[in-house]
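Keep the sequence and the structure open beside the text.

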Amino acid sequence: MVGQVIWWSCPMRTPLIITLLLLLISTTTANLRRDSPTNGLCTQLIEPYGYPCSEYITQTEDGYLLGLQRVSSRSGIVQNQKGPPVLLVHGLFMAGDAWFLDSQEESLGFILADHGFDVWVANVRGTRWSHGHISLSENDKEFWDWTWQDLALYDLAEMTRYIFSMTDSKIYIVGHSQGTIMSLAALTQPDIAKRVEGAALLSPISYLDHVSAPLVLRMVKMRLDEVILALGIHELNFKSELGTHIMDIMCHGHLECGDMLTSITGGNCCFNNSRVDFYLKYEPHPSSSKNLNHLFQMIRQGTFSMYDYGKWKNLVNYGKLQPPTFDLSKIPKSLPLWMGYGGADALADVIDVQHTLNELPSKPYLLYLEQYGHIDFLLSVNCKQDVYDNMMGFFNSNGKHSSY
Ligand SMILES: *[C@@H]1O[C@H](CO)[C@@H](O)[C@H](O)[C@H]1NC(C)=O
């Protein structure tokens, strides 16, 4: 999400539509700077700190090749038996690197590894740590024909299947932002839920109709998502060459990136502003225009439903005029849930979180932090004390893995 700061910053200085066109042109000439597996996330961001890390590739039912990393503790730190697998599911315009962007004492990926958890790192289709598709190229429009519902029903389904087969153990899921949309949607599906031991959701989202971030609301009102699709742009890649150039100019000019982030996510109390340049080495990752369209539909319509193609195409795709909803009451009552949400989060608004809670059959463990905003749950310098210790308490007190 952090990288968005730059992208969204553009409209403030230049007429929105011109900025948009520039960025869109840049996406069509995008260089895919995909790293080879030998120079992957493990090599770049995890092994240098002394953590054993392995790269895996797994294939979804619809042919996408996803990258997964598996991280364990630095030798000597954990003496006890290996903990349960935990799958970290990143947010929109991010990837698995999101969990390793700060120090070993601050980043959830490192912290969980040091506490003995068997850490697995998700990277959804389209991100730079995923590995393309068996038959489609990233230049094909079809490659980008997906939204978060596919990330839930194909990517998360496959990743949990793969980890379950490798570890023979049920999995804890940790999601942030879009990772929580994916998790909640996936957990309504019995064949995915049966492989999940519990889920911890940071900035949990299912309903989005109380989003209060001013810049997001403006984009929604302008129907920017529909404009982008109408222009035939299917990939949103802000790290293309021209895109990068424009972003650099925008962010290192007179603009206050922190202010901009506030108008997209709400205020963030506690992340380290002087690390933004480092974050931007990794973020933002690409996503699809259709995904943005789906998210904006949710804001406009107040639904937690599948993608809305319009009546007649819905009939073709789903056999009915309205897209099917994800029914939160179908999440197994016995499946333990934990949620961390913030009073300053303008994307996961407290009213929408309450809406989610009202529809869940079980009562999740809740951690409410008045001051926390959307990004804080990932990058706050106090996240371990404020959030992650509580989350690990939930994992450890929960059933058969309570012994360590
Ligand atoms: C903030 O980031 C800077 C630059 O990386 C670092 O030197 C400093 O220690 C960080 N502060 C905290 C509290 O993490």
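A residue is called buried here if 20 or more other C-beta atoms lie within 10 Å of its own, exposed if 12 or fewer do, and partly exposed in between, with C-beta atoms placed from the backbone. With 25 C-beta neighbours inside 10 Å, Gln-178 therefore counts as buried.

The model is predicted: local features need pLDDT of at least 70, side-chain atom pairs count only at pLDDT 80 or more, and totals for chains, interfaces and linings use all residues. Residues are numbered from 1 along each chain as its sequence is written.

Gln-178 belongs to helix H6, residues 178-187. Helices (H or I, at least four residues) and strands (E, at least two) are DSSP runs, numbered from the N terminus. Contact between two residues is taken to mean that their C-beta atoms, placed from the backbone, lie within 7 Å. Leaving aside residues up to four places away in sequence, Gln-178 touches Gly-91, Leu-92 and Trp-148.

For the protein chain as a whole, the secondary structure comes to 17 helices and 10 strands. Of its 404 residues, 52% are buried. Among contacts with a separation of 6 or more, 80% are made by residues 24 or more positions apart.

The sheet comes next. Strands of a sheet pair through backbone hydrogen bonds, either parallel or antiparallel. Two strands are counted as paired if DSSP finds at least two bridges between them. An open sheet of 8 strands has the order E1-E2-E4-E3-E5-E6-E9-E10, and its pairing is mixed. Its edge strands are E1 and E10 (365-369), each of which pairs on one side only. From one strand to the next the twist averages 20°, where axes are lines fitted to C-alpha atoms, for helices over the stretch in contact, and angles run from 0 to 180 degrees between N-to-C directions.

E1 and E2 form a hairpin with 5 residues between them, and Gly-63 in the turn has a positive phi of about 95°.

How many of the residues of strand E3 are buried? In E3 (residues 85-89), 5 of the 5 residues are buried, so this strand is largely enclosed by the rest of the structure. Pro-85, Leu-87 and Val-89 point one way from E3, whereas Val-86 and Leu-88 point the other way, and all are buried. E3 pairs with strand E4 (residues 118-121) in the parallel sense over 4 bridges, and Pro-85 stands opposite Asp-118 in E4. The chain passes from E3 through helix H4 (residues 108-114) to E4 in a right-handed β-α-β crossover; right-handed means that, with the strands pointing away from the viewer, the path from the first strand over the helix to the second runs clockwise. E3 also runs parallel to E5, joined by 4 bridges. In E5, Tyr-172 is the bridge partner of Val-86, and Val-174 stands opposite Leu-88.

Several loops deserve a look at their backbone. Most residues other than glycine have a negative phi, and most peptide bonds are trans. Asp-168, in the loop between helix H5 (148-167) and strand E5 (171-176), has a positive phi near 55°. Asp-168 counts as exposed because it has 8 C-beta neighbours inside 10 Å. Arg-223 also has a positive phi, of about 55°, and lies in the loop between helix H8 (214-222) and helix H9 (224-230). With 14 other C-beta atoms within 10 Å, Arg-223 is partly exposed.

A cis peptide bond, with omega about -5°, joins Glu-283 and Pro-284. Pro-284 lies in the loop between helix H12 (276-282) and strand E8 (287-288). Ile-233, in the loop between H9 and strand E7 (235-236), is buried, with 21 other C-beta atoms within 10 Å. The C-alpha atoms of Ile-233 and Ser-289 are separated by 6.9 Å, although these residues are 56 residues apart along the chain.

Finally, the ligand. The residues around it are Asn-272, Ser-274, Arg-275 and Val-381, each with its C-beta atom, placed from the backbone, within 6 Å of the molecule. This shell divides into 1 nonpolar, 2 polar and 1 charged residue. In that division Ala, Val, Leu, Ile, Met, Phe, Trp, Tyr, Cys and Pro count as nonpolar, Asp, Glu, Lys and Arg as charged, and the others, Gly among them, as polar.
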